[in-house]
Amino acid sequence: MSDIGDMLAETTARLARENTDATALARAADEAGLLRPFSQSAGELVWDDVAGLVQALGANSPVTFIADQIAGDFIATQHGVPGSGQLCLTGQTLSLSAAGTISGSARYSCGFDGDAHLLAAASGPDGRLKLARLPLDQGKHVQLDAPAEDRRVEINFDAARPSHLVDLPPEAGNPCLLAGSLVRALLIAGAVSKSLDLTVEHCKTRKQFGRPLMALQAIQQQVAQLASEVAAAAAVSGLAARHFGTADAAVLVAAARVRTARAASIAIDAAHQCHGAIGFTEEYPLHRFTRAMMSWRREFGSERFWAQEIGRTLASLEGRAAFWERAVVVAGERQAA
Amino acid sequence: MHGTRDGSTCNLTELRADVRAFIAAELSGYDDRRRAESWQGFDRDFSRKLGAKGWIGMTWPVEYGGREKSLQERYIVQEELLAVGAPVGAHWVAERQSGPLLLRVGTEQQKKSVLPRIVAGELAFCIGMSESEAGSDLAAIRTRAHRTEDGWRVTGRKLWTTGAGSADMMIVLARTAPVDPEKRHHGMSQFLVDLTTPGVSINPIRDMAGASHFNEVVLDDVALPADALLGAEGAGWQQVMAELALERSGPERFLSCLPLVSAFRDELDRDDAASVEYLGRAFADLVTLRELSRDVTDAFSAGREAAVDAAIVKDLGAGFEQSAVERIADLTHWDGTASDAQGSVPALLGALSLTAPSFSLRGGTREILRGIIAKAVAA
């Protein structure tokens, strides 16, 4: 992570400590310029910097809509759509009529009170993708149940008028799906690291059989697995962030989604086993991160969806060493410091 | 530092292309069952050719035959060789840990006499740590060394010594002071032992895969010269721990099965959704492990300590390798048989399925690694 990234992460962690309420946190983050890092820095900040911010969100305040706002700011900046106001994000592709109206249903996470827009990709009659910015009051809303603490909403559009509609480059895929996926991988990296911190703290202080849980080998084995997943999730989500916006973004985001989904699964299991009953209570903070990860790992494309995306790309390559060559190319070379 | 694909890394891209060209020339038509041996495949000629290219000990000082290249460049050479299952066993241990140990703690005389021969691909090493009563609990070793008028006398039995049957030298960990129950890690020292020394005998141990990579090495009152002592007397434990960090973080800890995954992709039924899905999962695992392993290389390169990160790479890496064998065997409806007519995947599976149980044992068991990781995060 870059030095600016470290700084952004520290600021985010501090704001999250000071603002336990998600709306208050969003307001404080906005005042600190963290909700629109790309548009407000005039291209100075890149994902390598902002990755730390999103990981810090995942580790401190497991709300999704702030991360989606940041991803939305990136997409808006990249495609020349106004980033002002509050942005929500969906991974679903809507349909665009010849008359320029949008129909279909989309799911998004919401925490803003007040006017907000949804960024979505829409497929036209010619099959080409466009990026639409849609006022949320243009659709019918259904509140959804979801594990995460911030709301999940389904919105249904019937010949809605987007406030903005721009062409997307062919073959580049759905930018909302990709950016929303990137932030979910980063959020999980933060949340598994918080789960480890809570678990280590608990196992060092909680005594059973006359000694701290951490002295038990069975517990140590679980803690170690959790720590390994923290390392894996940070590495693969960081890799995807560094290359976001390049031609290899899609395969790396897919890899990050597959690997962080598994990290979330292993981490949830290990953290709760080590905590016992207290981890299952509302009073103790572990559940906030567990519940958030349960949503993040499944929305914007399942583990299986992303694994098949990668698999199809790899299967279509020519040459006997294609699997290896692709793994090397997407990650880039590392120079000696 | 994280590289990008711009001009600053073009020397690395060239190096990678050179290694691939070398592999293409030397290993075309190389047998799949031999590829499955990975870094235990022993071929002195291949090592000599690599040495002639300057790709063994390439980070070492020029005065000892090295090229003073970066650890990142060495990593490229290593991973390209492992990715195709090249037979690197004749120099692997020497290059990975014995040479670096000598560089760190060896005398000038030891470095001058040993390192250039490793660089040339002419000196194979094995690791004399484990014993019958000292596997994971290394401090329980019983091999003893005592001073004589002109050197040392060593007696003991080393066990599970990989590659001793074909190696030239072994670095033996021995007790040079009685065990202090309060300080079990004190009083051990390392010795450089030429395996042709009188009193050394090597008994191969057949493994479940039918190979004899394992050995028992008996040291029967072996007389060693004074300069066989490697590093400081009594500092054996610390030296061994530093060695193990090098042993655990490298790409060999997750690339043993890469020839299998590559062959699986090449022979894939593209209409089989489960196979396509597994291919994607394997790719996600591979790029993650590579990233973690390259982070460790960068840490070593910057002089940072990374023993715990190395343990993480090894534990996750072994899991990836073992699951590759499991998944690919099932996805290809493998019935456990292999023959030349069946193609690469069954041949590789035949060899790798028998060695896979050892992936989470060699170089530190899963349980020991997890103990190390847990203690570090709880500290």
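Mentor: What follows describes the sheet, the helices on it, and then the contact between the chains.

This is a predicted model, in which local features need pLDDT of at least 70 and side-chain atom pairs count only at pLDDT 80 or more, while totals for chains, interfaces and linings use all residues. Residues are numbered from 1 along each chain as its sequence is written, chains are lettered from A and ligands numbered from 1 in the order in which they are written, and side-chain values use heavy atoms, with hydrogens and water left out.

Chain A holds an open sheet of seven strands in the order 5-6-2-1-3-4-7, with mixed pairing. Strands (E, at least two residues) and helices (H or I, at least four) are DSSP runs, numbered from the N terminus, and two strands pair if DSSP finds at least two bridges between them. Strand 5 (140-144) and strand 7 (164-167) of chain A each have a single partner strand, so these edge strands have one side without a neighbour in the sheet. From one strand to the next, the twist averages 20°.

Strands of a sheet pair through backbone hydrogen bonds, either parallel or antiparallel. In chain A, strand 1 (residues 86-96) pairs with strand 3 (residues 116-123) in the parallel sense, over seven bridges. One residue of this pairing is L87(A), whose bridge partner in strand 3 of chain A is H117(A).

Helix 5 (residues 65-79) of chain A touches strand 1, strand 2 (102-110), strand 3, strand 4 (129-135) and strand 7 of chain A, and its direction makes about 65° with that of strand 1. Helix 6 (residues 175-205) of chain A touches strand 1, strand 3 and strand 4, at about 140° to the direction of strand 1. For these angles, axes are lines fitted to C-alpha atoms, for helices over the stretch in contact, and angles run from 0 to 180 degrees between N-to-C directions.

Strand 1 and strand 2 of chain A pair in the antiparallel sense over two bridges, with I102(A) in strand 2 as the bridge partner of L96(A). These two strands form a hairpin with five residues between them, and G100(A) in the turn has a positive phi of about 85°. Strand 2 also runs antiparallel to strand 6 (residues 151-160) of chain A, joined to it by eight bridges. Within strand 6 of chain A, N156(A) stands opposite S105(A).

Now the contact between the chains. It takes 55 residues from chain A and 59 residues from chain B. Between chain A and chain B the count is ten salt bridges, each a side-chain nitrogen of Lys or Arg within 4 Å of a carboxyl oxygen of Asp or Glu. R334(A) and D295(B) meet in a salt bridge through their side chains (2.8 Å, N to O). Helix 6, helix 7 (217-242), helix 8 (249-275), helix 10 (303-315) and helix 11 (322-331) of chain A each supply at least two residues of the side that touches chain B. Helix 7 of chain A gives the most to that side, with 14 residues.

Key: Contact = heavy atoms within 4.5 Å.
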